[in-house]
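Please read it with the structure open.

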Amino acid sequence: MSETLPAQARVVVVGGGIAGSSAAYHLTKFGIEDVVLLERNQLTSGTTWHAAGLIMQLRSSHAMTELAKYNVELYSSLEAETGQATGFKQNGTLGVCRTKDRLFETRRVASIAKSFGIEAHMISPAEARSVYPVIDESIIEGAIYIPKDGQTNPIDTTMSLIAGARQKGARVFENAPVEKLERLVSGEYRIETGGAVIQCEILILACGLWTRTLAAQLGVNVPLYPCEHFYVVTEVMDFVVPTLPVLRDTDGHVYVKEDAGKLLVGAFEPQGKPVRMEQLPAETAFIELPEDWDHFELPFTKAVEMIPALADAGISKFLNGPESFTPDLLFALGEAPGMPNCYVSAGYNSEGIEFSAGAGRALAEWIVEGEPTMDISAVDVARFHPFQGNPEYLHDRVGEVLGLHYRMHWPHHQKESARNVRNSVLHDRWAALNASFGEAMGWERPMWFAPEGAYNTNVYSHKHPNWFDHTAMECKAARETAVILDQSSFGKHLVQGRDACAFLQWACAANVDVPVGKLVYTHMLNSRGGIETDITVNRLTEDRYLIISSATTHPRDKAWIERHITDDQRVMLTDVTSGYTVLSLQGPGSRDILSRVTDADLGNEAFPFAASQQIDVGYARVIANRLTYVGELGWELHIPTEFAQSVFDAVMDAGADLGLKPAGYHALEHLRSERAYREYGMELTPEDTPFEAGLGFTVDLGKAGGFIGREALLRQKEAGLPSKRLVMFRLKDAEPVLFHEEIIRLNGDIVGYITSGAFGFTLGRSVGMGYVNHAGGVTKDLIATGQWEIEIACERYPAEASLRAFFDPTGERVKG
């Protein structure tokens with residue numbers, strides 16, 4: 001190790017565990033050699049040292065699998081590159097399924113494996129026993145076997161990454177606790193450690209459990225919180241050989257791996273044990289917490305059911321160590337909002353060994369290229385809302401989050417802890433209508449409505465959950481009469497000032513220099529033309545715009561906008577989300593209903609589609625936007641919050657005899673899928689361009705001054721038909737249900753996957769959207785003549801393909 005801390009470095013990495021070492025290694029590999037890594041005690045002494053070291057390539061989504069699968073590529077070659085052994089071996093993973101529902105879920109993951117060429121086999125109980133001879137196959141329905149998965153030694157792997165980084169110029173300092181962080185006027189960062197000071201251009205916080213408190217010194221929000229994480233190690237057992245696969249029994253809440261002739265049995269129990277930071281010994285390395293056999297009893301009992309030989313096994317070690325968890329079970333990666341050149345890599349939810357390889361590479365590419373080179377929006381640290389850093393919220397949430405690792409991944413599953421954080425002022429009215437609520441970014445939102453007096457608690461299913469028929473009725477009302485939805489959770493930002501128009505013209509792909517009262521659907525792009533925000537822009541005055549984004553992307557959208565406002569621009573960004581309640585009145589009867597509570601002319605000539613006007617509704621003055629996300633005539637009413645209840649009551653009374661019904665977000669999902677409306681994070685990501693998404697109409701390549709991403713779009717347009725294009729699908733069989741991540745096949749070959757789907761109640765079939773990749777271009781002829789199939793859980797189903805929506809493809813109903 002180096003002896004003298006330099007006064008200056010280009011990059012300082014805080015944290016000497018797997019995350020920090022991976023970041024340092026990849027930075028040096030990409031040519032940034034002036035890297036200093038600071039570790040408060042010894043390398044790996046935070047949480048890396050007690051990690052189980054499991055290596056699994058597959059995840060439940062394509063985006064996360066893309067990040068995870070690099071671990072095998074890196075760890076299999078690292079020892080040869082650095083000369084430092086890692087302990088990596090590919091002894092495989094066996095994932096057993098105790099229930100038919102788990103088996104179906106696992107088959108879905110096996111389908112994803114085919115997209116990436118990852119070898120994965122669905123096998124019978126008897127075959128599972130042949131792979132793992134000591135399991136009780138009578139209690140399982142089947143299993144998945146992934147032979148190239150495996151395990152590694154966390155300490156040795158970290159030391160190998162450190163060796164690789166040092167060989168390329170990085171300097172590493174142990175026993176260098178960071179005491180103070182400060183951003184200087186110059187934009188550099190000043191770090192105090194043990195009486196010494198170092199300044200840097202780029203700061204990376206990869207300090208595990210301690211990241212939240214250290215980041216807070218800079219005003220950066222990194223919501224993570226520790227939970228106790230348990231495993232036991234048996235005495236030597238005669239059947240345990242080095243080639244024994246890792247066993248994952250998710251229904252039993254346990255994983256089991258070979259450990260030098262012994263078995264390591266670890267758990268992700270249904271409800272974890274959060275531990276407050278002040279209860280952890282702050283200055284101690286290699287922290288171990290007290291044994292808790294009472295808490296570990298359930299998973300260990302399940303392990304004995306699966307491996308009966310464990311009943312007689314001696315226990316050589318009970319390990320209880322703290323691990324950090326985030327509110328949504330996804331780690332935190334990327335540039336901190338409002339803090340240029342400060343990056344975060346933390347909150348790995350006990351999966352740091354599996355994800356740090358891909359995350360370290362992605363972070364290094366971001367730093368070198370100036371922006372991410374792949375879609376990491378799901379784990380972007382900018383996604384968090386400020387309230388999610390609240391310690392009490394985190395304490396109440398993360399116990400459930402730990403258990404989500406092995407809980408069933410039901411479609412539309414709702415977390416149950418730390419709820420009722422943010423309520424619309426209409427919450428009690430929706431509750432009185434027997435709404436079943438879900439949560440998004442802390443907002444309680446009606447998901448579906450049960451009949452009066454009926455049960456409104458979710459019963460999940462991969463096909464027909466208990467809300468299915470009720471949602472069907474809500475969709476029927478939207479298509480035949482009218483529905484009212486609460487969209488108050490949508491993000492709302494004012495962009496105002498002398499340079500507001502010029503800034504938005506440069507930031508947005510569409511022309512937003514439009515007349516006051518004109519609504520513009522547009523995107524903000526990265527330099528590759530990929531979609532970073534999916535927004536609606538409402539020009540309120542010459543120098544004042546209202547920006548609407550979805551609830552879940554609202555914080556990230558804000559961060560993106562702030563990041564691109566330059567110091568010399570007179571632009572002010574203000575979050576006004578809480579200032580407006582939003583009621584969406586949709587359906588062929590919406591005009592008749594709204595006309596009863598306003599004197600405004602709602603006709604097509606006076607109030608065309610994509611127009612915004614201030615109108616009186618009841619006793620209130622509201623912003624009425626003629627928009628739809630369901631594919632019908634409708635208005636979205638932005639109501640000053642204090643007026644919302646009276647407006648709601650007036651509209652409900654006005655529609656009582658015209659068939660007006662409340663509808664929830666499940667109905668919104670089914671309806672927007674029928675009309676093929678895109679959603680950010682599904683159809684729209686930083687890897688997708690508007691042309692690929694079939695949204696070329698939103699792009700104005702000829703507007704004066706250009707915009708971010710224009711050059712990339714020009715190149716794509718000049719190249720002709722894109723080899724990747726969003727396509728709409730409708731299953732020919734009425735029984736299967738699409739959700740997302742299902743495989744798209746063209747003439748038998750895998751060409752993409754479903755980004756989102758739902759049963760189309762109006763169409764009587766499931767519909768979905770997904771990107772098709774075809775080297776010769778995705779042409780109309782290809783769409784019409786190809787043999788299309790959608791693979792759901794390893795079963796193929798014939799489908800129709802189209803470049804337009806299957807419901808109202810010309811949009812006549814919207815024009816009303």
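T44 sits in the loop that links β2 (35-38) to β3 (54-55). The model is a predicted one. T44 counts as buried because its relative accessibility is 2%, and buried here means under 20%. Not counting residues up to four places away in sequence, T44 touches G16, G17, W49, I155, T158 and F286.

S584 and G17 are 567 residues apart in sequence, and their C-alpha atoms are 49 Å apart in space. S584 belongs to strand β29 (residues 580-586). With a relative accessibility of 1%, S584 counts as buried. Its contacts, residues up to four places away in sequence not counted, are V483, I484, L485, Q487, W635 and E636.

Strand β26 (residues 531-541) holds T536. T536 has 17% relative accessibility and therefore counts as buried, the limit being under 20%. What does T536 contact beyond its neighbours within four places in sequence? The partners are L519, V520, Y521, L546, I547, I548 and L627. For one of these, V520, the C-alpha to C-alpha distance to T536 is 5.6 Å, at a sequence separation of 16 residues.

Y70 is placed in helix α3 (residues 70-82). Y70 is buried, its relative accessible area being 6%. Leaving aside neighbours within four places in sequence, Y70 is in contact with H26, A357, G358 and R361. Y70 and E674 are 604 residues apart along the chain, and 36 Å separates their C-alpha atoms.

| Residue | Location | Relative accessibility |
|---|---|---|
| T44 | loop between β2 and β3 | 2% |
| S584 | strand β29 | 1% |
| T536 | strand β26 | 17% |
| Y70 | helix α3 | 6% |

Backbone angles come next. Most residues other than glycine have a negative phi. Which phi value does L329 have? Phi of L329 is near 70°, a positive value in a residue other than glycine. L329 is found in the loop between β17 (315-325) and β18 (332-335). At 18% relative accessibility, L329 counts as buried, since the cut-off is under 20%. N434 is another residue other than glycine with a positive phi, near 65°. The loop between α11 (427-432) and β21 (435-440) contains N434. N434 counts as buried, with a relative accessibility of 13%.

Helix α12 (residues 468-480) has 13 residues. From its first C-alpha to its last, α12 reaches 18 Å, close to the 18 Å expected at 1.5 Å a residue. Which residues of α12 are buried? They are F468, T471, A472, E474, C475, A477, A478 and R479. An α-helix has 3.6 residues a turn, so residues three or four places apart point the same way. The buried residues of α12 pack against the strands β22 (443-449), β23 (482-486), β33 (660-662) and β36 (749-760), and against the helices α17 (665-674) and α20 (812-815).

Rolling a probe the size of a water molecule over the atoms shows where empty space is left. The second largest pocket has a volume of about 500 Å³. Its lining consists of 25 residues, and E335, P340, E562, R563 and H564 lie nearest the centre of the pocket. Helix α14 (residues 554-564) gives the most to this lining, with six residues. Sorted by class, the lining of the second largest pocket has eleven nonpolar, nine charged and five polar residues.

What is the overall make-up of the protein in helices and strands? The protein has 20 helices and 39 strands. Its radius of gyration is 27 Å, close to the 28 Å that the globule rule gives for 816 residues, so the protein is as compact as a globular protein of that length. Taken along the principal axes, the C-alpha atoms fill a box of roughly 80 × 65 × 55 Å. Of the 816 residues, 63% count as buried. Among contacts between residues at least 6 apart in sequence, 72% join residues at least 24 apart.

Definitions and conventions
Residues are numbered from 1 along each chain as its sequence is written. This is a predicted model: local features need pLDDT of at least 70, side-chain atom pairs count only at pLDDT 80 or more; totals for chains, interfaces and linings use all residues. Side-chain values use heavy atoms; hydrogens and water are left out. Helices (H or I, at least four residues) and strands (E, at least two) are DSSP runs, numbered from the N terminus. Buried means under 20% relative accessible area, exposed over 50%, partly exposed in between (1.4 Å probe, protein chains only). Contact means heavy atoms within 4.5 Å. On a 1 Å grid over the protein atoms alone, a cavity is a set of points where a 1.4 Å probe fits but cannot get out, and a pocket is an open set with protein on both sides within 12 Å along at least five of seven lines; lining residues have an atom within 4 Å of a point. Grid points are joined across faces, edges and corners, and a volume is the space filled by probe spheres set on the points. Ala, Val, Leu, Ile, Met, Phe, Trp, Tyr, Cys and Pro count as nonpolar, Asp, Glu, Lys and Arg as charged, and the others, Gly among them, as polar. The expected span of a helix is 1.5 Å times one less than its number of residues. The radius of gyration is taken over C-alpha atoms; the globule rule is 2.2 Å times the number of residues to the power 0.38.
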